[in-house]
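Please open the structure in a viewer and keep the selection panel at hand. The stops below proceed from pockets to ligands.

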Amino acid sequence: MLRIAVPNKGSLSGAASAMLHEAGYRQRKESKELVVLDPENGVEFFYLRPKDIAIYVASGKLDIGITGRDLLLDSGASAEEILPLNFGRSTFRYATKPGTAKGPEDFTGMTIATSYEGIVAKHLAEQGIDASVVHLDGAVETAIQLGVAQIIADVVETGTSLRNAGLEVIGEPILTSEAVVIRGNGADAENPQAQQFLRRLQGVLVARSYVMMDYDCRAEHLERAVALTPGLESPTISPLHNEGWVAVRAMVPAKEAQRIMDDLYELGARAILTTSIHACRL
Ligand SMILES: Nc1ncnc2c1ncn2[C@@H]1O[C@H](COP(=O)(O)OP(=O)(O)OP(=O)(O)O)[C@@H](O)[C@H]1O
Ligand SMILES: O=P(O)(O)OC[C@H]1O[C@H](OP(=O)(O)OP(=O)(O)O)[C@H](O)[C@@H]1O
Ligand SMILES: [Mg+2]
């Protein structure tokens, strides 16, 4: 039985469960459930605080976890990222009141409030900056207004929280984060159950970001058409009853589908269709 940690609350929780559901796994029906067994798929899900997930996975008690890259790095746990999941994107940044500091080089002697002490302490040490770090559980923006710190280091998604607090980001982003699948450093990378789980999630990622495109084109335009739709391996080409015409089928990135359809039409292709992909194994 594969044992998997899933965020039980917060920004990553809903999207992680939705992705697992899309991959065909049973998920909890209400937020108070802490463990869900999915015997048909040979998997047991443990719903845990996102900050704790790397620690459980590093201990080897759980095989795999879904958490944020920033949370993994902050924990310092011996676990590694094995698959980025393309949701829960954020940056981790310093911010302050305008005029306080231009960047980390000005932080010497100041106090930095954060919920991510591990990341901040490491970053300051790397830059050789002698500043104090105070740990707060949340709402760190208010620490500046109340004089507990001069600088904060926090997750920035839209930037609304900073704007509302009258703060501005300073320096380069410390890191960029998204939800990731993690595995303990000591875990067996060849574990077939874990590999099947990863293939399912990769299938969801592909199904979300690609569409299937079909079109007809004249044989003499085929090479130029195929250059627009190279597919993942290579497109399927079938003869049409009408001599001199072929049908082409290829996967294309969903974001580029409309532009590709315009370009194919210009080239003389017709009956250009896209259909969504529900599931996939590459
Ligand atoms: N707007 C956001 N606020 C906080 N975390 C975010 C946001 N967008 C993405 N994330 C990511 O979610 C993870 C943090 O989730 P976590 O559940 O610990 O905090 P949270 O969403 O702020 O929830 P809460 O503070 O209510 O417990 C990190 O990986 C972070 O990068
Ligand atoms: O850039 P934004 O889109 O505004 O998102 C980032 C903010 O959201 C989170 O706070 P949350 O609402 O989780 O409250 P918390 O500080 O209590 O964790 C995070 O700590 C930032 O404050
Ligand atoms: Mg929060």
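What follows is a sequence of selections in a predicted model, each with a short account of what is found there.

**The largest pocket**

Begin with the largest pocket, whose volume is about 870 Å³. Select Ser11, Leu71, Tyr116, Asp154 and Val155: of the 34 residues in the lining, these are the closest to the pocket centre. Next, colour helix H2 (50-59), helix H3 (69-75), strand E9 (151-156) and helix H6 (160-164), the elements that each give two or more residues to this lining.

Now colour by domain. Domain 1 (2-87 + 179-189) and domain 2 (90-177) each contribute at least three residues to the lining of the largest pocket. A colouring by residue class divides that lining into 10 nonpolar, 13 polar and 11 charged residues.

**Ligand 1**

Select ligand 1 and display its surroundings, which comprise 16 residues. Gly10, Ser11, Asp70, Ser90 and Glu157 are the closest of these. Ser11, already selected among the residues closest to the centre of the largest pocket, places a polar side-chain atom 2.5 Å from an oxygen atom of ligand 1.

Move to Ser90, where a polar side-chain atom lies 2.7 Å from an oxygen atom of the ligand. How much of ligand 1 does the protein bury? Taken alone, ligand 1 exposes 580 Å², and the protein buries 68% of that.

**Ligand 2**

Proceed to ligand 2. Its surroundings include Gly138, Ala139 and Glu141, together with Asp154, Val155, Val156, Glu157, Thr158, Gly159, Thr160 and Ser161. Asp154 and Val155 were also selected at the first stop, as residues closest to the centre of the largest pocket.

Then select Gly159, which has a backbone N or O atom 2.7 Å from an oxygen atom of ligand 2. At Ser161, a polar side-chain atom lies 2.6 Å from an oxygen atom of ligand 2. Taken alone, ligand 2 exposes 500 Å², of which the protein buries 59%.

**The second largest pocket**

Finish at the second largest pocket, which has a volume of about 160 Å³. Which residues lie nearest its centre? Select Leu62, Asp63, Arg183, Ala187 and Asp188, which hold that position among the 13 lining residues. H2 and strand E11 (179-184) are the elements giving two or more residues to this lining. By class, the lining of the second largest pocket comprises six nonpolar, four polar and three charged residues.

Technical notes
Residues are numbered from 1 along each chain as its sequence is written. Chains are lettered from A and ligands numbered from 1 in the order in which they are written. This is a predicted model: local features need pLDDT of at least 70, side-chain atom pairs count only at pLDDT 80 or more; totals for chains, interfaces and linings use all residues. Side-chain values use heavy atoms; hydrogens and water are left out. On a 1 Å grid over the protein atoms alone, a cavity is a set of points where a 1.4 Å probe fits but cannot get out, and a pocket is an open set with protein on both sides within 12 Å along at least five of seven lines; lining residues have an atom within 4 Å of a point. Grid points are joined across faces, edges and corners, and a volume is the space filled by probe spheres set on the points. Helices (H or I, at least four residues) and strands (E, at least two) are DSSP runs, numbered from the N terminus. Ala, Val, Leu, Ile, Met, Phe, Trp, Tyr, Cys and Pro count as nonpolar, Asp, Glu, Lys and Arg as charged, and the others, Gly among them, as polar. Domain bounds come from an automatic or database domain assignment. A residue is near a molecule or strand if one of its heavy atoms lies within 4 Å of it. A polar contact is a pair of N or O atoms within 3.5 Å; within protein, one must be able to donate a hydrogen and the other to accept it, and residues adjacent in sequence count only if both atoms are side-chain atoms. Accessible areas come from the Shrake-Rupley method with a 1.4 Å probe; for residues, only the protein chains shown count as cover.
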